[in-house]
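Trainee: I'd like to learn how to read aromatic contacts in a protein model. Could you walk me through one?

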Amino acid sequence: MPEEDLLELKFRLLDGSDIGPFMYPPASTVAMLKERIVTEWPKDKKGGPKSANDIKLINAGKILENNKTVGQCRTPFGELPKGVIIMHAVVQMSLTKAKTEKKIDEAPNNGCACTIL
C-alpha cells in the first residue's frame, strides 16, 4: 500500500497524554484501533482498559462504532492533508461489569454487628 494512502492517528487520553501516532490504512476498523490502544496503554496509568470493549473512541464529537472503518470516520473539514488525526480514547467499563462490581461491594456482612454496652 502506498505511503500516501495511510492515515496518521494519535489517541488522546483523559489526562492529556497521547498514544501514538501510528499509521493505518483507511480500511482499518475501529475495533482494530481499540485493540491497539489496549496493547499500547501506558502501564503506569491507573484505570486502564481490560479489553477493547471498555474503550470509547471519539472523533469530531461522535462516538465511533466498532464496525466502521477509519476512512468512514474521517471528517472532511478541519483536517489538513497529511495531518495527524487525533481521536479521544475514553475508558468506560460496560454496564454489566460495573453492576457486578457494585453488587460485590454492597454484599451484606453476615457477621454479627451488635454492640452491648
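Predicted model: local features only at pLDDT ≥ 70, side-chain atom pairs only at ≥ 80, totals over all residues.

Trainee: How many aromatic pairs does a search of the whole structure find?

Mentor: The search turns up two aromatic pairs.

Trainee: And how do I describe a pair once I've got one?

Mentor: You describe a pair of aromatic rings by the distance of the centres and the angle of the planes. Now try F11 and Y24: their ring centres are 6.5 Å apart and the planes sit at 70°, so this pair is edge-to-face, as planes over 60 degrees apart count that way.

Trainee: Where in the chain do F11 and Y24 come from?

Mentor: F11 belongs to strand 1 (residues 7-12) and Y24 to strand 2 (residues 18-24). They are 13 residues apart, and the pair links distant parts of the chain.

Trainee: Are those two buried or exposed?

Mentor: Buried means under 20% relative accessible area. F11 has 0% relative accessibility, so F11 counts as buried. Y24 comes in at 7%, so Y24 is buried too.

Trainee: Which ring makes the other pair with Y24?

Mentor: That's F22. The centres of F22 and Y24 are 6.5 Å apart with planes at 75°, so they're edge-to-face as well. F22 is buried, like Y24.

Trainee: What lies over the face of F22?

Mentor: R36 does, at 3.7 Å from the ring centre.

Trainee: How do strand 1 and strand 2 run, parallel or antiparallel?

Mentor: They run antiparallel, joined by five bridges. L9 stands opposite F22 of strand 2. The two strands form a hairpin with five residues between them, and in the turn G16 has a positive phi of about 95°.

Trainee: Which way does strand 5 run against strand 1?

Mentor: Strand 5 (residues 85-91) runs parallel to strand 1, with four bridges joining them. There, R12 stands opposite H88 in strand 5.

Trainee: Where is the confidence lowest, and where is it highest?

Mentor: For the protein chain, the mean pLDDT is 77, and 69% of the residues reach 70 or more. Confidence is lowest in helix 3 (residues 95-105), with a mean of 54, and highest in helix 1 (residues 30-40), at 90.

Terms used. Residues numbered from 1 in each chain as written. Heavy atoms only, no water. Phe/Tyr/Trp six-rings, centres within 6.5 Å; stacked < 30°, edge-to-face > 60°. Buried < 20%, exposed > 50% of the residue type's maximum accessible area, 1.4 Å probe, protein only. Lys NZ or Arg CZ within 6 Å of the ring centre and 35° of its normal. Pairing = 2+ DSSP bridges. pLDDT = per-residue confidence, 0-100.
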